[in-house]
Amino acid sequence: MKTKVIKISSKEPEKKIIQNATKIIKNGGLVAFPTETVYGLGANAFDAKAVGKIFKAKGRPADNPLIVHVSDKRMLNSVVKEIPLKAIPLMKKFWPGPLTIVFRKKKQIPNVVTAGGDTVAVRMPSHSVAFALIRGAGVPIAAPSANTSTRPSPTEARHVYDDFNGKIPLILDGGKTNIGVESTVLDLTTKIPILLRKGKITKKDIEKVIGSIQVHVKKTKGVVKSPGQKYKHYAPKASLILVRGGIQAVKRIISRYSKKKIFIITFSENKDKYSGVHEIYIFGKKQNTIAAAKNFFSLLRKCDKNGADIIIVEAVIENGVGEALMDRISRAASMIV
Ligand code: TXA
Ligand code: MG
């Protein structure tokens with residue numbers, strides 16, 4: 001299959017391009033598209049066969065459910081059985097935007113989307129291309145992040161192309177995504193809401209609206225509440241070492257692995273502090289966690305492409321999106337020092 005990459009305006013998505021993309025979706029095909037968080041790999045959520053293609057293309061385990069993307073309230077109602085009271089102010093405040101809510105599902109949503117479960121994760125993206133695509137297709141779009149399973153999430157069309165060239169017909173290139181880490185996932189089907197995945201919208205942001213919630217803690221045995229959390233994630237090919245101990249700790253790691261091809265991801269303030277390494281990549285300024293989140297996955301892919309053995313990543317400040325970013329860096333890490 002030939003994979004087309006088509007540039008599309010994020011300000012005013014060209015109608016013609018959207019029409020071509022929606023035609024593919026309606027015919028049971030896959031389209032990769034930008035959202036405000038990361039790129040998604042989409043199919044008609046009502047079409048079990050089309051959704052099956054997503055799992056196959058990504059190499060995704062069948063027990064890891066997908067997020068369904070909607071463009072309006074009517075579409076939400078076609079997917080979920082009921083809307084809990086707490087969902088209403090949350091949707092009002094954060095939709096469209098990077099908050100995914102887990103609801104009870106309607107039976108029209110095929111089991112392949114929800115991995116056989118009776119709940120469905122839904123979000124309304126705020127990116128104009130994602131929005132135009134869903135509205136144009138006229139159906140909810142099931143879409144995981146558009147990366148091969150276990151690879152870093154894609155924040156540019158080029159990343160999607162690297163993973164799916166020859167496997168999908170179309171990638172809509174809307175440029176670099178704005179947030180760079182995936183949406184916050186909140187389960188509202190339990191008595192006390194549970195935060196299943198951290199994102200730009202934080203626990204505090206949510207609690208300001210609906211009061212106290214719980215944070216999901218990883219279980220090693222028994223039922224897994226958020227299946228996505230149990231798999232190895234965002235893994236670069238190199239070994240990633242997350243360093244919390246500052247400049248001196250980084251220097252110790254450099255000397256310990258001096259025979260290896262070491263890459264460092266750090267802040268602009270520290271870039272002249274290190275020597276004897278292959279490359280130094282910059283998150284941005286230390287205080288700018290928004291920039292760090294935006295750049296992280298892309299930098300990981302760059303390290304892999306340029307043949308890193310070891311990637312040293314300096315810890316970021318855990319405020320706002322920084323907390324979600326530290327969660328992603330920790331998941332990618334094989335060592336934390
Ligand atoms: O920002 C995002 O959410 C991106 C863009 C494309 O929208 N999508 C994304 O999808 O990150 P994915 O498939 O990479 O991550 C979905 C996460 C997984 O951790 C999955 O286990 C969880 O959501 N999830 C999906 N359905 C669920 C459900 N019914 N109950 C609990 N967790 C669910
Ligand atoms: Mg993903």
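Over how many bridges do strand β13 and strand β15 pair, and in which sense? In this predicted model, where local features need pLDDT of at least 70, side-chain atom pairs count only at pLDDT 80 or more and totals for chains, interfaces and linings use all residues, strand β13 (residues 262-266) and strand β15 (residues 310-314) pair in the parallel sense over four bridges. Residues are numbered from 1 along each chain as its sequence is written, chains are lettered from A and ligands numbered from 1 in the order in which they are written, and side-chain values use heavy atoms, with hydrogens and water left out.

The bridge partner of I265 in β15 is V313. Two helices pack on the sheet, as the table sets out; contact means heavy atoms within 4.5 Å, and angles, from 0 to 180 degrees, run between N-to-C directions of axes fitted to C-alpha atoms, for helices over the stretch in contact.

| α9 (residues 246-256) | β12 (239-243), β13, β15 and β16 | about 175° with β15 |

Helices (H or I, at least four residues) and strands (E, at least two) are DSSP runs numbered from the N terminus.

Elsewhere, T177 sits in the loop between β8 (170-173) and β9 (184-187). T177 is buried, with a relative accessible area of 2%, where buried means under 20%, exposed over 50% and partly exposed in between (1.4 Å probe, protein chains only). Leaving aside neighbours within four places in sequence, T177 is in contact with residues including T35, T37, T155 and K294, and a polar atom of the T177 side chain lies 2.9 Å from the backbone oxygen of T37.

Notes. Two strands pair if DSSP finds at least two bridges between them. A polar contact is a pair of N or O atoms within 3.5 Å; within protein, one must be able to donate a hydrogen and the other to accept it, and residues adjacent in sequence count only if both atoms are side-chain atoms.
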